[in-house]
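Here are my notes on the model you sent over. Have it open beside you while you read.

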Amino acid sequence: MRIAIGGVMHETNTFSNVQTTVELFKAWEWDLNEKILERHEGVQDYLGGMIDKCKELDIEIAPTFSAFTGPSGIITKETYEALKNELVTSIRNAGKIDGICLALHGAGVAEGVDDLEGCLLKEVRAVVGYEIPIVVTLDLHANLTEQMIQEASALLGVNFYPHTDSYDRGLEAIELLVQIIQKKVNPVMHLKRLPLLIPTSTTYQSPAKDINELCWEWEKRPDVLDCTFFHGFPYTDIPCVGVTVLTITNGDGALAEKIARDVARNIWEKKEEFILDLPTPEEGIKQALAMEGLPIVINETSDNPGGGTPEDGTYLLKAMIEENAPQTCFGFIY
């Protein structure tokens, strides 16, 4: 058995004024063929999991193309074309393959392309057809689309935020892909979309923790291959932004729909619990000054570069200057 692996990962903050270019990708990762194995083998990430599972199952790996850069603004048209051409060409040149496993993000946006992942999958399908199965790993903050569902055989998302289970999803993706190739399973996906945006929410606390546990309970049922609560990425100004539930069953579409609806109903009932009552910069500083012990850190969550901002906000700095408290400092990277 021979499986092609690769990926394109970018979390696009469309409100950022920093466009994402080829140079920005190349500063992080822009790898072809064997370079992918050199970078990811032994690493606890999506591709690392795919590589390890292939080795465990004695599957021949056909590394194709892998690109990644940190969250930032809209991907330029030229960069999108370059990403598409590298991915499609490398898969076309991979030789005979039995399946494809790709690490995508789910919140990629390029100039004129709201659904980066769906469009890339469609381009890959134009090369390999629909007989070869494609299994995809996605970030928890993916904004899922119907096109992703149509073009992929299965989509698997991480469950935790912070994302500590990327490697596990890579392992699982190869395992599922092999079962599809061997015709042991016939994955059927059902996507349920909610009219809901939530802030980035840790899964180690309620309510996100409770929703995950409900998904895992459903996964214990026979023929339920996966059930994932996708938080969505709220900093993408596109039509398909928001919370979704994706359920995958072994050939049972009705069961997949039933589960997705049940989980979605629970999310809707808990929607108010996702709202955090955060203090203003002025209030946060006063709270910090009233506390005992040092150091005290105030985190400017709205200007988080991990969410694609340029980190050039000055609201907290302004409040600190006006407070003029001793023994304080403002730390930032711009």
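1. Start with Pro295, which sits in the loop between H10 and H11. Helices here are DSSP runs of H or I with at least four residues, strands are runs of E with at least two, and both are numbered from the N terminus.

2. A word on the model before going on. It is a predicted one, where local features need pLDDT of at least 70 and side-chain atom pairs count only at pLDDT 80 or more, while totals for chains, interfaces and linings use all residues. Residues are numbered from 1 along each chain as its sequence is written, and side-chain values use heavy atoms, with hydrogens and water left out.

3. Two more backbone spots are worth a look. Most peptide bonds are trans, and most residues other than glycine have a negative phi. The bond from Tyr161 to Pro162 is cis, with omega near 5°, and Pro162 belongs to the loop between S6 and helix H7 (166-181). Asn33 is not a glycine, yet its phi is positive at about 55°; you'll find Asn33 in the loop between S2 and helix H2 (34-40).

4. Now the 6-stranded sheet. This open sheet runs S2-S3-S1-S4-S5-S6 with mixed pairing, where two strands pair if DSSP finds at least two bridges between them. Strand S2 (29-32) and strand S6 (154-157) are at the edges with a single partner strand each, so one side of each has no neighbour in the sheet. On average, neighbouring strands are turned by 20° against each other, direction ignored.

5. Within that sheet, S1 (residues 2-9) and S3 (residues 60-68) pair in the parallel sense over 7 bridges; Met9 has Phe68 in S3 as its bridge partner. Helix H4 (residues 77-92) lies across S1, S2, S3 and strand S4 (99-104), at about 175° to S3. Contact here means heavy atoms within 4.5 Å. Axes are lines fitted to C-alpha atoms, for helices over the stretch in contact, with angles from 0 to 180 degrees between N-to-C directions.

6. What ties Arg2 to Glu60? A salt bridge, with the closest N and O atoms 3.0 Å apart. Glu60 is in strand S3 and Arg2 in strand S1, so the pair links parts that are 58 residues apart in sequence. The structure holds 16 salt bridges, each counted when a side-chain nitrogen of Lys or Arg is within 4 Å of a carboxyl oxygen of Asp or Glu.

7. There is also an open sheet of 3 strands, in the order S7-S9-S8, with antiparallel pairing. Strand S7 (187-193) and strand S8 (224-230) are its edges, each with a single partner strand, so one side of each is left without a neighbour in the sheet. The twist averages 10° from one strand to the next. S7 pairs with S9 (residues 244-250) over 7 bridges in the antiparallel sense, and Arg193 stands opposite Thr244 in S9.

8. Last, the helices on either side of that opening loop. H10 (281-290) and H11 (315-323) each supply at least two residues of the lining of the second largest pocket, and H10 gives the largest share, 4 residues.
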